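I opened the notebook to look up a few things in one structure.

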Amino acid sequence: MSEIQHPTANSAPDSHCSSCGAPHGEGVSGFPRTCAACGATAYRNPLPVAIALQPVYDTKGTALVVITRTVTPARGGIALPGGYIDDREDWRQAVVRELKEETGIDAASRDVRLVDAMSSPDGHLLLFGLLPERPADALPASQATDETEGWHLLRRAEELAFPLHTLAVRAFFEGRYI
């Protein structure tokens with residue numbers, strides 16, 4: 001019986017087969033790649049991220065709900081609510097789950113409409129889900145969460161912590177997501 005080699009704590013990302021644990025060997029890079037030990041093929045898929053665009057209105061006009069991050073990356077930065085889509089989770093469910101986790105705001109996944117999909121340079125696929133506009137005074141009070149200082153309203157396009165969030169906010173305020 002052959003001994004299976006397992007990655008060490010100092011292993012480089014993607015340096016070992018995710019099926020059997022054997023090292024890919026020197027000079028192996030790029031995807032897809034086939035493991036010499038077990039024959040499994042590995043693909044590098046983009047990590048999907050669900051982002052919520054929650055418009056609200058009040059006497060000052062229309063705004064978007066944004067959060068102030070307390071986690072890396074971009075700790076202290078302003079961002080749209082969002083995060084990774086869980087295994088076997090529908091992207092619309094991820095939009096409303098992330099909105100709830102980061103702001104306390106409830107929404108229904110059936111109301112989420114895909115308005116944009118963008119790929120980041122680091123391989124993430126961002127899916128921007130637009131929710132129906134609602135009155136600002138119907139939202140729960142802003143409170144800190146595990147990942148945020150709470151939420152507030154963004155009333156015009158401005159630079160956010162993540163470049164693709166900035167592009168989406170600009171598109172929203174320019175009326176391109178109607």
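Below are my entries on the sheet, the helices against it, the cores, a tryptophan and the cysteines.

Entry 1: I noted before anything else that the model is predicted. I then looked up an open sheet of four strands and wrote down its order, 7-3-9-8, with mixed pairing. Which strands stand at the edges? I found strand 7 (82–84) and strand 8 (113–119) there, and each has a single partner strand, so one side of each has no neighbour in the sheet. From one strand to the next, I noted an average twist of 20°.

**Entry 2: the pairs of strand 3.** I looked up strand 3 (residues 47–53) with strand 9 (residues 124–130) and found that they pair in the parallel sense, over seven bridges. Two partners went into the notebook: Leu 53 has Leu 130 of strand 9 as its bridge partner, and Ala 50 stands opposite Leu 127 in strand 9. With strand 7 the sense is antiparallel, and three bridges join strand 3 to it. Here I wrote down Ile 51, whose bridge partner in strand 7 is Gly 82. I also checked burial: strand 3 is largely enclosed by the rest of the structure, because five of its seven residues are buried.

**Entry 3: the cores.** How many residues are in the largest nonpolar core? I found 20, and Val 95 and Leu 131 have the most contacts inside this core. Strand 3, strand 5 (61–69) and helix 1 each supply at least two residues of it. Helix 1 gives the largest share, five residues. I looked up what Val 95 touches, leaving out residues up to four places away in sequence, and listed Ala 50, Ile 51, Ala 52, Val 112, Gly 129 and Leu 131. I then found a second, separate core of 19 residues, which includes Val 49, Val 66, Leu 80 and Tyr 177.

**Entry 4: Trp 151.** I found Trp 151 in strand 11 (residues 148–154). Is Trp 151 buried or exposed? I wrote down buried, with a relative accessible area of 13%. Beyond its neighbours within four places in sequence, its contacts include Val 65, Val 66, Ile 67 and Thr 103. Pro 140 is also among the contacts of Trp 151, and the Trp 151 side chain reaches the backbone oxygen of Pro 140 at 3.4 Å. I also looked up Leu 64, which is 87 residues from Trp 151 in sequence and 10.0 Å from it in space, C-alpha to C-alpha.

**Entry 5: the cysteines.** I looked for disulfides and found zero. For Cys 17, the nearest cysteine sulfur is that of Cys 35, 3.8 Å away.

Note on methods. Residues numbered from 1 in each chain as written. Predicted model: local features only at pLDDT ≥ 70, side-chain atom pairs only at ≥ 80, totals over all residues. Heavy atoms only, no water. Pairing = 2+ DSSP bridges. Axes fitted to C-alpha atoms, helices over the stretch in contact; angles between N-to-C directions. Disulfide = S-S within 2.5 Å. Core = buried A, V, L, I, M, F, W, Y, C linked by side-chain atoms within 4.5 Å. Buried < 20%, exposed > 50% of the residue type's maximum accessible area, 1.4 Å probe, protein only. Contact = heavy atoms within 4.5 Å. Polar contact = N/O pair within 3.5 Å; in protein donor to acceptor, adjacent residues only side chain to side chain.
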